[in-house]
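Please look through the sequence and the structure shown here before reading the report.

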Amino acid sequence: MRCSLGVPFIQQFRVGSYIVKQKLQKKARYPLVLMLEPLFRCNLACPGCGKIDYERDILNRRLSVEDCLKAVDECGAPIVSIPGGEPLIHKEIKEIVDGIVARKKFVYLCTNALLLEKRLHMFSATPYLTFSVHLDGLERHHDEAVDQPGTFKRAVAAIRAARNKGFRVNVNCTLFNQMTAIEAKKFFDFCMEDLKVEGITVSPGYAYERASDQEHFLARQNTKELFRNIFRLGRGGKKWRFSQSSLFLDFLAGNQNYHCTPWGNPTRNIFGWQKPCYLLSEGYAKSFKELMETTDWNAYGTGKYEKCADCMVHCGYEATAVADTLANPFKALLVWIKGVNTEKSMAPEISLKNQRPAEFIFEDVIQTVSERMATQKQRNDAA
Ligand code: SF4
Ligand code: SF4
């Protein structure tokens, strides 16, 4: 991870030790961050969201505390990110977080923060818990991105309240094509100098096939140009603390020719273990082991599959950048010291010539999984 004050030493040490252990055990594929989605229900309806358009029955389902902790134990990743939906809606979120923290895993609770101030009393400030607050820019941009006026002010008030109580707070920001580099710079400055958050997690939006707004997602070339322009305004990105590796930022600026590592951030939600990654939903496994052993990993990634063509999202590529950091520490150190190079020629883009066409199987997958779950429930009720 980026060696900055943004991520405490204990987290860097634990994650580093975990990776070294996986390497010593010669594991070719291992998870870095578990994406634990205990529900899809949200109290917002952002147009760029690909998670909330399920029917009511699915939105009402929850992973139990037991399911969540079993997933954490099965997976073994040192970091657990809890996105959603909105996790603070889950009635047992405190028990879920406490159980993960008791296992000495680092929890990033991703929230739109509308309920955060009200729920803060439920949690204890510890290095193992970070509130990762969804903010997509300054007030006008954020309220437009989430399609609800007033959300920016509430999120900012919640961030200040959480910081005053000693919690770790991170800002989680998805950039769409409405934002200019200057606007992004002002937003990052605000996060650092005014909100004084620990770090920023930044990523281009992924064009979810089910998101209602398809117009504002960034294509790869636009992503790279936007990030170069942003980093130019901030000493190659060194002006801000990002909670991501320096090589991932370098990748966003077009300097690395990476392939994704979808197993680096495996996803467990109410349907099971999602294949192949957090962004695509092309089947579900019943266990983490089954996910790792039965997913055709070679069938996915930019250049291989049409749905992956524009993806540069952190949950697909951060694990790649972390592995590269370990393999090439000197390269990573140089980027960290000098900042991201915004002037050199970009790394060649992956050819899309041989990618297989997109399969639109989402409805069938969900129907099959829902039927299987309903049958299981009937059996349980009858027993
Ligand atoms: S806050 Fe997050 S989960 Fe909720 S609608 Fe917006 S993007 Fe989706
Ligand atoms: S490129 Fe990788 S991380 Fe992105 S959608 Fe495809 S499989 Fe998932």
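Predicted model: local features only at pLDDT ≥ 70, side-chain atom pairs only at ≥ 80, totals over all residues.

Ligand 1 sits in the largest cavity, where C42, L44, A45, C46, C49, I52, G85, N112 and H134 surround it. When the residues of this shell are sorted by class, six are nonpolar, three are polar and none is charged.

Ligand 2 sits in the second largest cavity, and the residues around it are Y206, C260, C277, L279, L280, Y300, G301, C308, C311, G316 and Y317. The shell of ligand 2 consists of nine nonpolar and two polar residues, with no charged ones.

## Helix α12

Helix α12 runs over residues 314-327, and its 14 residues reach 19 Å from the first C-alpha to the last, which is close to the 20 Å expected at 1.5 Å a residue. Its buried residues are C315, G316, Y317, E318, A319, T320, A321, V322 and D324, and two of the residues in this helix, G316 and Y317, are also among those around ligand 2.

## Helix α7

Helix α7 covers residues 151-164 and has 14 residues, with a reach of 20 Å from its first C-alpha to its last, close to the 20 Å expected at 1.5 Å a residue. Buried in this helix are T151, F152, A155, V156, A158, I159, A161 and A162.

These buried residues of α7 pack against helices and strands, which are α5 (116-119), β4 (129-134), α6 (139-145), β5 (168-175) and α8 (181-194). After α7 comes G166, a residue whose phi is positive, near 85 degrees.

M122 is found in the loop between α5 and β4. Leaving aside its neighbours within four places in sequence, M122 is in contact with I93 and K94; the C-alpha atoms of M122 and I93 are separated by 9.2 Å, although the two residues are 29 apart along the chain.

Y284 is found in strand β9, which spans residues 281-285. Y284 counts as buried because its relative accessible area is 8%, under the 20% that marks the limit for a buried residue. Not counting residues up to four places away in sequence, Y284 touches N269, F271, G272, W273, Q274, K275, E290, V365, I366 and V369. Y284 and K153, by contrast, are 131 residues apart in sequence and 38 Å apart in space, C-alpha to C-alpha.

## Backbone details

Two cis peptide bonds can be pointed out here. One joins G84 and G85, with omega of about 15 degrees; G85 is found in the loop between β2 (79-82) and α4 (93-102), and it is also one of the residues surrounding ligand 1. Another runs from K275 to P276, with omega near -10 degrees, and P276 lies in strand β8, residues 272-276.

K104, in the loop between α4 and β3 (106-111), has a positive phi of about 60 degrees. R235 has a phi near 50 degrees and is found in the loop between α9 and α10. Is R235 buried or exposed? R235 is exposed, because its relative accessible area is 56% and the limit for an exposed residue is over 50%.

Methods:
Residues numbered from 1 in each chain as written. Chains lettered and ligands numbered in written order. Heavy atoms only, no water. Near = heavy atom within 4 Å. 1 Å grid on protein atoms, 1.4 Å probe; cavity = no way out; pocket = protein on both sides within 12 Å on 5 of 7 lines; lining within 4 Å. Sits in = over half its atoms within 2 Å of the grid points. Nonpolar A, V, L, I, M, F, W, Y, C, P; charged D, E, K, R; others polar. Helix = DSSP H or I, 4+ residues; strand = E, 2+ residues; numbered from the N terminus. Expected span 1.5 Å × (residues − 1). Buried < 20%, exposed > 50% of the residue type's maximum accessible area, 1.4 Å probe, protein only. Contact = heavy atoms within 4.5 Å.
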